Amino acid sequence: MKTLLPDSEATRKFGAALGRSLPPGTVILLQGDLGAGKTTLVQGIAEGLEISDSIESPTFTLINEYFGGQIPLYHLDLYRLEPEEVEALHLESYWDGLERDLGIVAIEWAERLQYKPENYLQISLSYLDNGRQAEVIGNGELLDWQLQG
């Protein structure tokens, strides 16, 4: 599925629609250049989950956890890490461990993951002449996932 996102507001609204329709336990692997809208998309997801906290990119903290909405949101940013450093964090606990089925995991710079979950949505954000484009590809149980509403 490809979606045109002409501006930041469209990116945020797309994220909100995702937040309202994704099932608990969903892992979102976000890819795209700097400034492509990954954090803006996660802000929209939080809005769709009715999380009122300010959503900031966890570039330096690596992981921000938000529990104030319908379900938890786990926001990870791997930008500053090498793949070997990412592996040492054992992030798979977010999709194989206790957090599984409890919330949504959104991972910026997911291409740095060496181990990916069996089931995930990959969202690639890219620049176009008239804005941005989000390409959503499901894997595993999310292979045929479609945005609702």
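**Confidence**

In this predicted model, confidence (pLDDT, the predictor's confidence in each residue, from 0 to 100) is highest in helix H2 (residues 38-48), at a mean of 95, and lowest in helix H4 (residues 93-96), at 72. The chain as a whole has a mean pLDDT of 85, with 92% of its residues at 70 or more.

- Local features need pLDDT of at least 70 and side-chain atom pairs count only at 80 or more, whereas totals for chains, interfaces and linings use all residues.
- Residues are numbered from 1 along each chain as its sequence is written, and side-chain values use heavy atoms, without hydrogens or water.

**Sheet**

- Seven strands form an open sheet with mixed pairing, in the order S1-S7-S6-S2-S5-S4-S3; strands (E, at least two residues) and helices (H or I, at least four) are DSSP runs numbered from the N terminus.
- Strand S1 (2-5) and strand S3 (63-66) are the edge strands, each pairing on one side only; pairing requires at least two DSSP bridges between two strands.
- S6 and S7 are antiparallel, joined over nine bridges.

- Ile 123 is in contact (heavy atoms within 4.5 Å) with residues including Leu 18, Leu 41 and Val 136, leaving aside neighbours within four places in sequence.
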